Amino acid sequence: MIAEASSIVPFTGAGISTECGIPDFRSPGGLWTRNRPIPFDEFVASQEARDESWRRRFAMEPTFAAAKPGRGHRALASLYRAGKVPGIITQNIDNLHQTSGFKADDVIELHGNTTYARCIGCGKDYDLSWVKQHFDKTGGAPDCADCGDPVKTATISFGQSMPEDAMRRAAELSRQCDLFLAIGSSLVVWPAAGFPMMAKESGARLVIINNEPTDQDDMADLVIRHDIGDTLGPFVGN
Ligand code: OAD
Ligand code: ZN
(Lines give C-alpha, C1' and ligand atoms only; values in the text may rest on other atoms or scores of the structure.)
(Ligands and ions follow the chains in the order given, each with its own letter.)
Protein backbone atom coordinates (compact mmCIF):
# COMPACT_ATOMS: atom_id res chain seq x y z
CA MET A 1 0.00 0.00 0.00
CA ILE A 2 2.83 2.38 0.82
CA ALA A 3 4.46 1.65 -2.55
CA GLU A 4 1.21 2.26 -4.42
CA ALA A 5 0.23 5.45 -2.59
CA SER A 6 1.13 8.89 -3.84
CA SER A 7 -0.11 10.84 -0.80
CA ILE A 8 0.22 9.21 2.60
CA VAL A 9 -1.15 10.99 5.65
CA PRO A 10 -0.09 9.59 9.04
CA PHE A 11 -2.29 10.31 12.04
CA THR A 12 -0.50 9.54 15.28
CA GLY A 13 -1.36 9.01 18.92
CA ALA A 14 0.59 8.39 22.09
CA GLY A 15 1.41 4.78 21.12
CA ILE A 16 4.12 5.91 18.70
CA SER A 17 6.06 7.52 21.56
CA THR A 18 5.92 4.75 24.17
CA GLU A 19 9.16 3.23 22.86
CA CYS A 20 10.73 6.65 23.53
CA GLY A 21 9.87 6.30 27.22
CA ILE A 22 6.78 8.55 27.18
CA PRO A 23 3.75 6.79 28.67
CA ASP A 24 0.46 6.83 26.74
CA PHE A 25 -2.89 7.72 28.35
CA ARG A 26 -5.12 4.64 28.42
CA SER A 27 -2.86 1.55 28.50
CA PRO A 28 -2.13 -0.04 31.90
CA GLY A 29 0.22 2.46 33.56
CA GLY A 30 -0.94 5.22 31.19
CA LEU A 31 -1.21 8.81 32.43
CA TRP A 32 -4.98 8.79 32.87
CA THR A 33 -4.75 5.58 34.91
CA ARG A 34 -2.51 7.44 37.41
CA ASN A 35 -3.93 10.99 37.38
CA ARG A 36 -7.29 12.31 36.39
CA PRO A 37 -7.11 14.94 33.66
CA ILE A 38 -7.52 18.55 34.83
CA PRO A 39 -10.29 20.06 32.66
CA PHE A 40 -9.77 23.50 31.15
CA ASP A 41 -12.49 25.24 33.20
CA GLU A 42 -10.92 23.94 36.40
CA PHE A 43 -7.48 25.22 35.31
CA VAL A 44 -9.00 28.65 34.64
CA ALA A 45 -10.97 28.78 37.89
CA SER A 46 -8.50 27.47 40.44
CA GLN A 47 -4.95 28.46 41.36
CA GLU A 48 -4.66 25.07 43.08
CA ALA A 49 -5.47 23.27 39.83
CA ARG A 50 -2.92 25.41 37.98
CA ASP A 51 -0.26 24.64 40.56
CA GLU A 52 -1.03 20.91 40.36
CA SER A 53 -0.97 21.01 36.57
CA TRP A 54 2.48 22.61 36.51
CA ARG A 55 3.78 20.26 39.23
CA ARG A 56 2.80 17.32 37.03
CA ARG A 57 4.42 18.92 34.01
CA PHE A 58 7.72 19.54 35.78
CA ALA A 59 7.68 15.96 37.12
CA MET A 60 7.50 14.77 33.49
CA GLU A 61 10.27 17.07 32.27
CA PRO A 62 13.17 14.57 32.55
CA THR A 63 11.09 12.11 30.47
CA PHE A 64 10.28 14.64 27.73
CA ALA A 65 13.80 16.08 27.72
CA ALA A 66 15.40 12.64 27.29
CA ALA A 67 13.00 11.36 24.62
CA LYS A 68 14.38 10.82 21.13
CA PRO A 69 12.37 9.90 18.03
CA GLY A 70 11.59 6.17 17.85
CA ARG A 71 11.45 3.83 14.86
CA GLY A 72 7.90 4.91 14.06
CA HIS A 73 8.82 8.61 14.01
CA ARG A 74 11.91 7.92 11.92
CA ALA A 75 10.07 5.73 9.41
CA LEU A 76 7.44 8.44 8.85
CA ALA A 77 10.19 11.07 8.50
CA SER A 78 11.83 8.87 5.82
CA LEU A 79 8.57 8.68 3.86
CA TYR A 80 8.22 12.47 4.26
CA ARG A 81 11.72 13.07 2.90
CA ALA A 82 10.90 10.75 -0.02
CA GLY A 83 8.05 13.13 -0.92
CA LYS A 84 5.29 10.61 -0.09
CA VAL A 85 3.89 12.46 2.93
CA PRO A 86 2.54 16.01 2.50
CA GLY A 87 1.97 16.47 6.23
CA ILE A 88 1.33 14.61 9.45
CA ILE A 89 -1.63 14.93 11.81
CA THR A 90 -0.81 14.23 15.43
CA GLN A 91 -2.59 14.17 18.77
CA ASN A 92 0.81 14.10 20.44
CA ILE A 93 2.28 17.01 22.33
CA ASP A 94 5.87 15.78 22.60
CA ASN A 95 7.41 17.53 19.57
CA LEU A 96 9.02 14.26 18.39
CA HIS A 97 7.74 14.48 14.80
CA GLN A 98 9.51 17.82 14.48
CA THR A 99 12.68 16.39 16.07
CA SER A 100 12.59 13.45 13.65
CA GLY A 101 12.82 15.76 10.64
CA PHE A 102 9.36 17.09 9.78
CA LYS A 103 9.23 20.84 9.19
CA ALA A 104 7.14 22.44 11.94
CA ASP A 105 4.68 23.72 9.32
CA ASP A 106 3.98 20.18 8.16
CA VAL A 107 3.11 18.87 11.64
CA ILE A 108 -0.57 19.47 12.38
CA GLU A 109 -0.84 19.41 16.16
CA LEU A 110 -4.48 18.83 17.15
CA HIS A 111 -3.78 18.90 20.88
CA GLY A 112 -0.98 21.45 20.99
CA ASN A 113 2.57 21.07 22.29
CA THR A 114 3.87 20.64 25.82
CA THR A 115 7.44 21.78 25.14
CA TYR A 116 6.50 25.43 25.63
CA ALA A 117 3.87 27.48 27.46
CA ARG A 118 1.19 29.91 26.34
CA CYS A 119 -0.98 32.57 28.00
CA ILE A 120 -4.62 31.48 27.78
CA GLY A 121 -5.69 35.14 27.44
CA CYS A 122 -3.47 36.93 24.93
CA GLY A 123 -1.69 33.87 23.49
CA LYS A 124 1.84 35.04 24.32
CA ASP A 125 4.32 32.14 24.26
CA TYR A 126 6.74 31.45 27.09
CA ASP A 127 9.72 29.12 27.55
CA LEU A 128 9.20 26.46 30.19
CA SER A 129 12.33 27.76 31.92
CA TRP A 130 10.52 31.08 32.54
CA VAL A 131 7.61 29.21 34.14
CA LYS A 132 9.97 27.07 36.22
CA GLN A 133 11.82 30.11 37.53
CA HIS A 134 8.56 31.74 38.57
CA PHE A 135 7.31 28.50 40.11
CA ASP A 136 10.49 28.00 42.13
CA LYS A 137 10.42 31.61 43.32
CA THR A 138 6.74 31.87 44.29
CA GLY A 139 5.75 28.22 44.77
CA GLY A 140 2.93 28.54 42.26
CA ALA A 141 1.84 28.76 38.63
CA PRO A 142 2.54 32.07 36.90
CA ASP A 143 0.28 34.63 35.23
CA CYS A 144 1.11 36.36 31.96
CA ALA A 145 3.54 39.29 32.25
CA ASP A 146 1.55 41.16 29.59
CA CYS A 147 -2.13 40.59 30.38
CA GLY A 148 -2.23 38.82 33.77
CA ASP A 149 -4.13 35.72 32.59
CA PRO A 150 -2.92 32.23 33.52
CA VAL A 151 -0.05 30.63 31.62
CA LYS A 152 -0.55 26.97 30.65
CA THR A 153 1.42 24.42 28.66
CA ALA A 154 0.62 25.06 24.99
CA THR A 155 -1.61 21.98 24.95
CA ILE A 156 -5.36 21.52 24.55
CA SER A 157 -7.10 20.36 27.72
CA PHE A 158 -10.50 18.70 27.89
CA GLY A 159 -13.11 21.42 27.52
CA GLN A 160 -10.73 23.79 25.72
CA SER A 161 -11.60 24.75 22.16
CA MET A 162 -9.73 22.98 19.36
CA PRO A 163 -7.19 24.95 17.30
CA GLU A 164 -9.15 26.09 14.24
CA ASP A 165 -6.30 26.25 11.78
CA ALA A 166 -5.04 22.77 12.72
CA MET A 167 -8.56 21.33 12.42
CA ARG A 168 -9.00 22.87 8.97
CA ARG A 169 -5.62 21.66 7.70
CA ALA A 170 -6.17 18.16 9.14
CA ALA A 171 -9.48 17.96 7.29
CA GLU A 172 -7.80 19.05 4.04
CA LEU A 173 -5.06 16.44 4.38
CA SER A 174 -7.55 13.71 5.31
CA ARG A 175 -9.69 14.45 2.25
CA GLN A 176 -6.88 14.59 -0.29
CA CYS A 177 -4.70 11.61 0.70
CA ASP A 178 -4.92 8.15 -0.86
CA LEU A 179 -3.50 6.32 2.17
CA PHE A 180 -4.30 7.24 5.79
CA LEU A 181 -2.26 5.57 8.53
CA ALA A 182 -3.79 5.72 12.02
CA ILE A 183 -0.89 4.82 14.31
CA GLY A 184 -0.87 4.28 18.09
CA SER A 185 -4.19 5.82 19.00
CA SER A 186 -7.14 4.34 20.86
CA LEU A 187 -9.29 6.54 18.55
CA VAL A 188 -11.72 7.47 21.32
CA VAL A 189 -11.06 11.21 21.73
CA TRP A 190 -13.18 13.42 19.48
CA PRO A 191 -13.09 15.43 17.29
CA ALA A 192 -9.60 14.06 16.51
CA ALA A 193 -10.95 10.52 16.12
CA GLY A 194 -13.12 11.68 13.21
CA PHE A 195 -10.26 12.06 10.72
CA PRO A 196 -9.80 8.34 9.82
CA MET A 197 -13.47 8.21 8.78
CA MET A 198 -13.15 11.46 6.84
CA ALA A 199 -10.22 10.00 4.88
CA LYS A 200 -12.02 6.73 4.27
CA GLU A 201 -15.17 8.49 3.07
CA SER A 202 -13.04 10.56 0.69
CA GLY A 203 -11.71 7.41 -0.94
CA ALA A 204 -8.43 6.78 0.89
CA ARG A 205 -7.32 3.38 2.08
CA LEU A 206 -7.26 3.23 5.87
CA VAL A 207 -4.64 1.29 7.83
CA ILE A 208 -4.75 1.10 11.63
CA ILE A 209 -1.56 0.12 13.47
CA ASN A 210 -2.17 -0.42 17.17
CA ASN A 211 -1.39 -3.23 19.58
CA GLU A 212 -4.97 -3.20 20.97
CA PRO A 213 -8.29 -3.27 19.13
CA THR A 214 -9.88 0.13 18.43
CA ASP A 215 -13.53 1.06 17.88
CA GLN A 216 -12.72 1.87 14.27
CA ASP A 217 -11.04 -1.41 13.25
CA ASP A 218 -14.12 -2.53 11.29
CA MET A 219 -13.81 0.42 8.95
CA ALA A 220 -10.13 -0.18 8.10
CA ASP A 221 -8.76 -1.82 4.95
CA LEU A 222 -5.99 -3.30 7.06
CA VAL A 223 -5.49 -3.62 10.82
CA ILE A 224 -1.98 -4.39 12.06
CA ARG A 225 -2.32 -5.34 15.72
CA HIS A 226 1.35 -5.25 16.52
CA ASP A 227 4.15 -3.14 17.93
CA ILE A 228 4.60 0.15 16.02
CA GLY A 229 8.41 0.22 16.08
CA ASP A 230 8.61 -3.36 14.82
CA THR A 231 6.01 -2.69 12.12
CA LEU A 232 7.46 0.56 10.79
CA GLY A 233 11.14 -0.14 11.51
CA PRO A 234 11.74 -1.55 7.99
CA PHE A 235 10.69 1.83 6.54
CA VAL A 236 13.40 3.76 8.38
CA GLY A 237 15.65 5.07 5.59
CA ASN A 238 18.34 7.70 5.44
P1 OAD B 1 -4.23 6.37 24.15
O2 OAD B 1 -3.41 6.12 25.37
O3 OAD B 1 -5.69 6.53 24.31
O4 OAD B 1 -3.99 5.21 23.08
C5 OAD B 1 -2.69 4.78 22.74
C6 OAD B 1 -2.82 3.45 22.04
O7 OAD B 1 -1.54 3.05 21.59
C8 OAD B 1 -3.34 2.34 22.96
O9 OAD B 1 -4.43 1.68 22.33
C10 OAD B 1 -2.13 1.42 23.14
O11 OAD B 1 -2.51 0.07 23.23
C12 OAD B 1 -1.35 1.68 21.85
N13 OAD B 1 0.11 1.47 21.97
C14 OAD B 1 0.95 1.92 22.95
N15 OAD B 1 2.23 1.59 22.69
C16 OAD B 1 2.22 0.90 21.51
C17 OAD B 1 3.21 0.28 20.72
N18 OAD B 1 4.52 0.32 21.05
N19 OAD B 1 2.84 -0.35 19.58
C20 OAD B 1 1.51 -0.41 19.22
N21 OAD B 1 0.53 0.17 19.92
C22 OAD B 1 0.86 0.83 21.06
O23 OAD B 1 -3.58 7.66 23.42
P24 OAD B 1 -4.23 8.59 22.28
O25 OAD B 1 -5.15 7.83 21.41
O26 OAD B 1 -3.11 9.33 21.65
O27 OAD B 1 -5.56 14.35 24.59
O28 OAD B 1 -5.06 9.59 23.17
C29 OAD B 1 -5.81 10.58 22.54
C30 OAD B 1 -5.86 11.82 23.42
O31 OAD B 1 -6.33 11.46 24.72
C32 OAD B 1 -4.52 12.44 23.69
O33 OAD B 1 -4.09 13.29 22.63
C34 OAD B 1 -4.77 13.22 24.94
C35 OAD B 1 -5.58 12.19 25.72
O36 OAD B 1 -6.48 12.71 26.62
C37 OAD B 1 -5.60 15.41 25.39
O38 OAD B 1 -4.94 15.48 26.41
C39 OAD B 1 -6.54 16.48 24.93
ZN1 ZN C 1 -1.33 37.18 28.25
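Helices (H or I, at least four residues) and strands (E, at least two) are DSSP runs, numbered from the N terminus. Residues are numbered from 1 along each chain as its sequence is written, and chains are lettered from A and ligands numbered from 1 in the order in which they are written. This is a predicted model, where local features need pLDDT of at least 70, side-chain atom pairs count only at pLDDT 80 or more, and totals for chains, interfaces and linings use all residues; side-chain values use heavy atoms, with hydrogens and water left out.

View 1. Glu48 sits in helix H3, which covers residues 47-66. With a relative accessible area of 66%, Glu48 is exposed; exposed means over 50% relative accessible area, buried under 20% and partly exposed in between, using a 1.4 Å probe and protein chains only.

View 2. The protein chain is assigned domain 1 (1-21 + 68-111 + 162-237) and domain 2 (23-66 + 112-155), with bounds that come from an automatic or database domain assignment. Between the C-alpha centres of domain 1 and domain 2 there are 26 Å. To their contact, domain 1 gives 16 residues and domain 2 gives 13 residues, where contact means heavy atoms within 4.5 Å.

**View 3. Ligand 1 and the residues around it.** Which residues come nearest to ligand 1? Of the 23 residues around it, they are Arg26, His111, Ser185, Ser186 and Asn211; a residue counts as near if one of its heavy atoms lies within 4 Å of the molecule or strand in question. Domain 1 and domain 2 each supply at least three residues to this shell. By type, the shell holds seven nonpolar, twelve polar and four charged residues. In this count Ala, Val, Leu, Ile, Met, Phe, Trp, Tyr, Cys and Pro are nonpolar, Asp, Glu, Lys and Arg are charged, and the others, Gly among them, are polar.

**View 4. N and O atoms at ligand 1.** Look for Thr18, where an N or O atom of the side chain is 2.8 Å from a nitrogen atom of ligand 1. Ile228 brings a backbone N or O atom to 3.0 Å from a nitrogen atom of ligand 1. At Gln91, a backbone N or O atom is 3.2 Å from an oxygen atom of ligand 1. On its own, ligand 1 has 790 Å² of accessible area, and the protein covers 94% of this; the areas come from the Shrake-Rupley method with a 1.4 Å probe, and for residues only the protein chains shown count as cover.

View 5. You will find Thr214 in the loop that runs between strand E8 (205-209) and strand E9 (222-224). Is Thr214 buried or exposed? At a relative accessible area of 10%, Thr214 is buried. Leaving out residues up to four places away in sequence, Thr214 touches Ser185, Ser186, Leu187 and Ile208. The side chains of Thr214 and Asp217 are joined by a polar contact of 2.7 Å. Such a contact is a pair of N or O atoms within 3.5 Å; within protein, one must be able to donate a hydrogen and the other to accept it, and residues adjacent in sequence count only if both atoms are side-chain atoms.

**View 6. Backbone details in the loops.** Most residues other than glycine have a negative phi, and most peptide bonds are trans. Leu187, in the loop between E7 and H8, has a positive phi near 55 degrees and is buried at 3% relative accessible area. Pro191 lies in the loop between strand E7 (179-183) and helix H8 (195-201), and a cis peptide bond with omega of about 10 degrees joins Trp190 to Pro191. Asn95 also shows a positive phi, of about 70 degrees. This residue lies in the loop between strand E2 (88-90) and helix H5 (96-99) and is partly exposed at 23% relative accessibility.

**View 7. Helix H4 and its cover.** Eight of the eleven residues of helix H4 (residues 71-81) are buried, so this helix is largely enclosed by the rest of the structure. Among the buried residues are His73, Leu76, Leu79 and Tyr80. Their cover includes strand E1 (8-12), E2, H5, E7 and helix H9 (228-232). Just after H4 comes Gly83, with a positive phi of about 85 degrees.
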